[in-house]
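Me: Could you take a close look at one part of this model for me, the contact between the two chains?

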Amino acid sequence: MPKTLPLDQRPPLMRLDGVDKTFGTVTALQGMSVQVNQGDFISLLGPSGCGKSTVLRLISGLMRPTSGRLTWVDPPKRNDLGVVFQEPTLMPWATVAQNVWLPFRLQGKTYVEVRDDILEALRLVGLDKFQTSYPRELSGGMKMRVSIARAMVTRPKLILMDEPFAALDEITRFKLNNDLLALKEKIGCTVIFVTHSVFESVFLSDRILVMAARPGRVIEELQVDAPYPRDDVFRTSSEYAGFTRKASDALHTAMEEAA
Amino acid sequence: MSIAENAPETVIEDAEEKARRKSMQIEKAAKWLLPVVALGAGLGLWEFIVWWNDIPHYILPGPTLVLTTLVQDWVMLFQALLITLQITLMALAVAVIGGVGLAVLFNQSRWIEMSFYPYAVILQVTPVIAIAPLIFIYIDSRIAGLLLCAWIVAFFPILANTTLGLNSADHNLRDLFRIYGATRWQKLRYLQLPSALPYFLGGLRIAGGLSLIGAVVAEYVAGTGGLQSGLAFRILEAGYRLNIPRMFAALILIAATGVIIFVGLSFLSHMLLRKWHESALKRDG
């Protein structure tokens, strides 16, 4: 089982240097510089319009920066990247197992070839009994689990998540937060997670980049050096409360600067 | 997490629930019963008016006479029906191939779409009955001419709907396909075609009716007699001979064919979509 190293000993995965992105006259992202290390769980925390999602689109290669550079230690191959969107984004005409098969299928691998990987991924998100169900038969939380299983079935180095739990109720969201940490520990990947929830960002991540809007930029980096595994005990601890206070203050500063 | 809560063993039904169930049962029966009653009443009235006013059969035959004619002329009419049906189904098949093929081609190349889409629209909006005489001047084969006419009427709804469907694929899924480095073909095969299926099936149901209309209209124009003539020609011929009961009998066969095509295509659509598409979902309450 891969073990996550302490924050200051992790080898680099990729970095952004002075990245700007403008759309017409709007500056979506200004001067973003950050180094992402292997095993990081980074949250991008900020109000709407601060360029959080733009960062993910840049890293996933769906967009190119207007200026600045993205550099990878190892240029990512097709299956080194997993993505989870705000909606589950499943193919409604395909069963759960066929949806999880997609990343492999696009590489030309047959179902039989990768069946074990698919079943393992579904087992990890607790849905191995639902392989033959169609997405519409599942609840919102279960659909999101399928989406997560699809993102991790190829064992990617980096998973990008764009407010994946924003539309779920709090109980489901807490459960998925716990499960996500367990999953990350198990497959030892790096996660970049976009959220506008202070509580979620503190619970999940060891690095929080607080962002401000107009123009979108990073105004502060916080480190949450509470050890993993974290569970419901951590969620109710005074240590957790202290971190959320710090993150919340930083977010307020971000809102004021933008106003 | 379970897919559905298990219903409790003993169902407790309150007064409101009972009333609603009863009204639903009545509605279900009425859905079948009312059209049948209306049809019976209509036919009865028709028969009565013909008998009461002593209308001669070469002006308006009563329903019983129409039915007798249908039985008497069955061999000849059925032969004609088979020919019309053959043209209709062939035209529908060509409309599916042409409509889907053009939609995919337009979808893959903006340049081709910009060049040719306006002409597809022009072909669609020009009444086929106006083009048909020209077609039969230039095309020697009667079958090919009939097919072409029926195709012109039927292909457009398939083209328009499939084009819409191919462009309706979920945007996040498109991004996902890009991130995973999907080829154009993979995107078409695994994302766009399945997304377009419900739209295509909607177009197919319209095209089924239209290809029958196209086949009948083309037969009117082509108009040659002999063994190879379909129902439309039989109607024309019966009209010349003032054999009005036979006209009605042939008309009934055409209408029935249209209904059967529609029901068949609706069933096909239901079978293909029932597992996943919203339109095929049964909802409670």
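Reply: Happy to. The contact draws 22 residues from chain B and 32 residues from chain A, where contact means heavy atoms within 4.5 Å. This is a predicted model, in which local features need pLDDT of at least 70 and side-chain atom pairs count only at pLDDT 80 or more, while totals for chains, interfaces and linings use all residues. Residues are numbered from 1 along each chain as its sequence is written, chains are lettered from A in the order in which they are written, and side-chain values use heavy atoms, with hydrogens and water left out.

About 2600 Å² is buried between chain B and chain A, and carbon and sulfur atoms give 66% of that; buried area is the accessible area (1.4 Å probe) that two parts lose on being put together, summed over both.

The rule finds 1 salt bridge across this interface, a side-chain nitrogen of Lys or Arg within 4 Å of a carboxyl oxygen of Asp or Glu. It joins the side chains of Arg57(A) and Asp175(B), at 3.0 Å from N to O.

On the side of chain B that touches chain A, the elements giving two or more residues are helix H7 (171-179) and helix H8 (184-222) of chain B; helices here are DSSP runs of H or I with at least four residues, numbered from the N terminus. H7(B) supplies the largest share of that side, 7 residues. By class, that side of chain B has 13 nonpolar, 4 polar and 5 charged residues, with Ala, Val, Leu, Ile, Met, Phe, Trp, Tyr, Cys and Pro as nonpolar, Asp, Glu, Lys and Arg as charged, and the others, Gly among them, as polar.
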